[in-house]
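Visitor: I have a structure open and would like to talk it through. Can we start with one of the loops?

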Amino acid sequence: MIPELGHYALVLALALSVVQAFVPMIGAFYRDGALMRLANSTALMQFLFVALSFAALTTSYVTSDFSVANVYENSHSMMPLIYKFTSTWGNHEGSMLLWVLILALFGAAVAAFGGNLPATLKAHVLAVQSWIATSFYLFILLTSNPFLRLPQAPFEGRDLNPILQDIGLAIHPPLLYLGYVGFSIAFSFAIAALIEGRIDAAWARWVRPWTLAAWMALTVGIAMGSYWAYYELGWGGYWFWDPVENASLMPWLAGTALLHSAVVMEKRNALKIWTLLLAILAFSLSLIGTFLVRSGVLTSVHTFASDPSRGVFILAILVFFIGGGLTLFAWRAPLLKQGGLFAPISREGALVFNNLFLTTACLTVFVGTLYPLALEALTGEKISVGAPFFNLTFAPLFVPLLCAMPFGPLLAWKRGDLPGAAQRLMAAFGAALVAVAATFMAQGAHSVLAPFGIGLALFVMVGALVDLVERTGLFRLPLTAVRGRAAGLPRSAWGTAVAHFGMGLTLLGIVCVSAWASEKIVALKPSQHVSLAGYDLTFDGLVQRNGPNFRELVAHFTVRRGGVALGEMEPAKRTFTSRSMSTTEASLMTRGVSQLYLSLGDSNDDGSVAVRLYYKPLVLLVWLGAVVMMLGGALSLSDRRLRVGAPKPAAKSVLQPAE
Amino acid sequence: MTRKQRRLVLIGGSVGVLAIAVALVLVSLKDSIVFFNSPTDVAEKHLAPGTRMRIGGLVKPGSLERSDNLRIRFAVTDGNHDVTVRYQGIVPDLFREGQGVVAEGKLEPDGIFTADTVLAKHDERYMPREVVDALKKSGRWQEGETK
């Protein structure tokens, strides 16, 4: 009964969505307030029905109702409750349902909190949002229905892929989808603006909070996916330049560019057309990402058993929205009024620089990701484009971007003072130089990249703080005055500094791990030991243990440093009987922000066991940096100016120069 | 500066950055991409030894030999031809005889493939697409064999 209710609720959501796709637009055309307001109720009801539908599927999973084909395929009665719950979206159908749930959530949020939007704009935004929703409801109902029943209910399910039986599945997909799907709002706003043929600084102020929220979720979602891959897959890497990873990185790059260009549009009424284009592109890249991951054209851990009709359907959605969006853009954008003037050296100029490099970097990732697919389609030749390609293209484009990052916030709007900004960044230059020199002294001259990488990271981090230090008067004024000034600073200034600082942290982590990570692969017999980076690990022996739905072979290690025991590490090999599949459970020991990483290989006939041991210096910074970036976003989001539903600021504030 | 000059600076800058990016992409596409070959391709194409490539197929049952220092040797087959692969290190969890595998490395002059990366699938129901295609080409693939 429950799956049928879920199915029915989804059909009702589709019906509401079709209504919402047309009625508000007719209302906007005839300036009929009642018709336009209809979108508010339908958006909320849509969310309610999709949530019901999702709850129905979750219930089927939690109660292990194997008469539902989807549950049978991806669940097992012996799984711990948390994984029964998360396996709802650990499969193709369920994850698409999560996708539309979040889409409906964003639609409902615009309906609920968009009270200050002009009526026609809101009607158009919600209508466009509903076009997207309609196409994805149809996709689910026609090709990926999670509620199909089996004629005869099996006694036991086929279990969830053991790799997905992890807390990561509870965090990574929902956050990533919040980001992906969140960009749909920016897209809907852009299409609405193009339909209305009118766009101004206020538009940017309305779009920015939604974009910022989506960007925050995407940032942490990508980072959590990376950390999950790092500890789960057992090879200690955190980024593989896998097409699936790139699929999430591209919307992030475009979204980051969009956040920055929207600032220019909001403050200076410039870059309007470009911002519109970025809004369309960010969501288009999200759709492409969904297509790449969900259609089965790529082989990855994200690919579930696939069906060719799905790929064609998503491709059709993709062509409709990207093609339609860009066509509308080409037709209507030239009619929009051009914006303000600015000198190349100015805050606007710096933000254009940022956009230029971010979008170009995004383009290289796009080429590297899609070129193999295109080549195979055209010539049948199979190639893989891996890390070397991206290291050669992406990295050189990111270096100038990072070098310029501390300058941006120090330049004034309209006409900036570059030597002045450089002078104010003296502390940052100093920190960078000291870091470069210290690294050279510590490691010798065998690598040039590492010292300069560290220098750049420190330049970015200290540079991010310079603006704050100056504006709060820290080190100059008495502490009480500093506190007063700090409280008076706009939250968005704090947000910028914190987010930029986070970027520096991530860079520092990446550089340290790339330069100084060490690795050892050995076969050990009980009571033998291995040492790496000053740590000494003794292999005490193997133990068999039983988990709820697996058996595991646990290797017990004692970690010592300088003779002092620090603790134990227990890497394991799990065998999941229901799927006759085994996974490696790496063991991590965190020391500060560095980690020891131990994973188990095969056991040999002579009683020895293969282990892989890594020392990863400062590796946690890679992901902590992303969390700090998100916090920066949150600070910026809490700025009064951007608060959703905040009263409209007086007209003069739009004309104010730099804060 | 006039509006026109400013626009020129902007367009010039953009074109410059784009040109650098295109140059970087072209150079790296030439040097850093890796071609995929099936064992039949290796046998028939007379590939130059030393080129980096990926090969894929099934691990031939009965071919896996382990020696000390985590060295292994196995044959990758597509049913028509085999390639012997050497590898030192820890193989993925789902690496086993009769299952799909993709190895990256280079072909030695003696015809043995030295792999530095061995990839197996992430899910026992799912076969790497390259392997499926290689098996289809050699006629050893039966539809519905794995889901």
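Predicted model: local features only at pLDDT ≥ 70, side-chain atom pairs only at ≥ 80, totals over all residues.

Visitor: What is the phi of Ser527(A)?

Guide: The phi of Ser527(A) is positive, about 75°, although the residue is not a glycine.

Visitor: And is Ser527(A) buried or exposed?

Guide: Ser527(A) counts as exposed, because it has 9 C-beta neighbours inside 10 Å and the cut-off for exposed is 12 or fewer.

Visitor: Okay, another loop. Where is Arg31(A) found?

Guide: Arg31(A) is in the loop of chain A between helix H1 (2–29) and helix H2 (33–62). Its phi is also a positive value, near 55°, and Arg31(A) is a residue other than glycine.

Visitor: How many other C-beta atoms are within 10 Å of Arg31(A)?

Guide: There are 10, so Arg31(A) is exposed.

Visitor: Let's zoom out. How many helices and strands does chain A have?

Guide: Chain A has 20 helices and 11 strands.

Visitor: What box do the C-alpha atoms fill?

Guide: Along the principal axes, the C-alpha atoms of chain A fill a box of roughly 80 × 70 × 60 Å.

Visitor: What share of the residues counts as buried?

Guide: In chain A, 53% of the 659 residues do.

Visitor: Last one, contacts. What percentage comes from residues 24 or more positions apart?

Guide: Such residues account for 74% of the contacts in chain A with a separation of 6 or more.

Definitions and conventions. Residues numbered from 1 in each chain as written. Chains lettered and ligands numbered in written order. Helix = DSSP H or I, 4+ residues; strand = E, 2+ residues; numbered from the N terminus. Buried ≥ 20, exposed ≤ 12 C-beta atoms within 10 Å, placed from the backbone. Contact = placed C-beta atoms within 7 Å.
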